[in-house]
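Please look over the sequence and the model shown here before reading the notes that follow. They begin with the chain as a whole and then turn to individual residues.

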Amino acid sequence: MKQTLQRKFVRTAMTAVTALLLVLLVVINLANWYLVNQQTDHMLQTVLQSDHAPDIAGQPGQMGPRRSPGWREMLPQDMQEDIQETARHRILSMLALSAGGVALCWLGMLALVRVLARKAIEPVAVSMEKQRQFVTNAGHELKTPLAIILANTEAMELYQGESKWSRNIRAQTVRLSQLTQTLLTLAKMEEGADLPPAQTVDLSQLAEQALSAFQEAAALQNLTLRGEIAPGVTVPACREHLEQLLSILLDNRVKYTEPGGRVDLILEDTEGGACLQVRNAPARTTEEDLPRLFDRFYRGDPARTQKSGGCGIGLSAAQAIVTAWKGTISAAREGEDTVVFTVRF
């Protein structure tokens with residue numbers, strides 16, 4: 001985490017420094033080019049008007065040649081070439097000197113920024129590491145009591161029968177367990193060091209399994225769940241992470257689709273790699289929701305009710321999974337009522 005923050009700090013700072021130095025380099029050399037040209041013109045005019053110059057204009061010392069359009073041609077060719085060669089040499093010398101100075105300044109700034117980055121990032125890195133460690137520890141500590149509550153609820157239902165209170169306890173316990181697991185996933189994904197070795201995963205097979213698993217949930221909400229899955233699409237990643245990614249996307253779209261609508265799972269093997277899309281219509285996701293869908297604990301419901309059963313961090317976990325395995329994820333609205341989530345690996 002600390003090294004990642006340092007690299008971002010150095011990269012951002014050096015980008016700004018590089019842009020500034022390049023602007024200075026261009027300005028300095030343009031100014032030098034202008035001044036050298038002015039001095040060259042003045043030198044040629046001085047030579048032309050000198051009493052010791054050849055009588056090129058008919059009468060030495062007159063100002064006419066200076067103002068005539070072809071006054072340069074009135075000087076001997078070798079003299080013009082010598083003066084212009086001197087001007088080019090001065091321009092190139094200044095260019096080389098300024099470029100060398102800029103390069104030295106850039107290297108010096110790089111060394112300075114690296115030293116400052118360690119000091120500037122240290123408090124932030126420590127704070128973020130403590131926060132991540134707290135989430136991890138709290139998540140692991142919550143697992144045991146949640147499992148006990150769920151087991152006791154099921155045992156109570158065996159002896160006393162199911163009731164609305166036991167159903168609520170079980171539902172909220174499951175919801176809290178899912179929230180805990182998602183928070184743990186986010187903490188692991190953001191750290192990056194905990195990623196397991198990449199494997200060649202058959203994404204087509206996982207998509208078929210996820211599609212089958214959500215058929216019943218979609219039917220209960222009067223939704224049509226369809227799939228267009230190309231066979232043999234593989235991705236270098238972790239199988240468990242991809243299973244969780246598919247589950248999050250399908251679960252989210254099933255929850256945010258109007259009754260009677262449809263959810264489509266599309267997987268293609270394109271030239272750029274695997275392309276996974278989850279489409280739903282008519283969607284309960286508005287145009288205003290799209291920029292914030294991947295924010296933690298954001299839900300389209302302004303009242304933040306639990307009607308949909310979501311926690312608001314599923315899509316954040318999905319984004320973390322995709323980013324960790326060098327992919328991209330985006331959400332867009334097509335037409336009046338269709339929302340499309342696109343994942344590319």
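Contact here means that heavy atoms lie within 4.5 Å. The model is predicted, and among the contacts in the chain with a separation of 6 or more, 71% are accounted for by residues 24 or more positions apart.

**The chain as a whole**
- The chain contains 8 helices and 7 strands, and 35% of its 345 residues are buried.
- Its accessible surface comes to about 20700 Å², and 57% of that surface belongs to carbon and sulfur atoms.

- Gln 277 is found in strand β5, which covers residues 273–283.
- Because buried means under 20% relative accessible area, Gln 277, with a relative accessibility of 15%, counts as buried.
- The side chain of Gln 277 makes a polar contact of 3.4 Å with the side chain of Arg 279, and another polar contact, of 3.3 Å, links the side chains of Gln 277 and Thr 342.
- When residues up to four places away in sequence are not counted, Gln 277 touches Asp 264, Leu 265 and Ile 266, and also Val 340, Phe 341 and Thr 342.

**Thr 86**
- Thr 86 has its place in helix α3, which runs over residues 77–160.
- Thr 86 and Val 36 are 50 residues apart along the chain, and a distance of 9.6 Å separates their C-alpha atoms.

Terms used
Residues numbered from 1 in each chain as written. Predicted model: local features only at pLDDT ≥ 70, side-chain atom pairs only at ≥ 80, totals over all residues. Heavy atoms only, no water. Helix = DSSP H or I, 4+ residues; strand = E, 2+ residues; numbered from the N terminus. Buried < 20%, exposed > 50% of the residue type's maximum accessible area, 1.4 Å probe, protein only. Polar contact = N/O pair within 3.5 Å; in protein donor to acceptor, adjacent residues only side chain to side chain. Areas by Shrake-Rupley, 256 points an atom, 1.4 Å probe, with all protein chains shown as cover.
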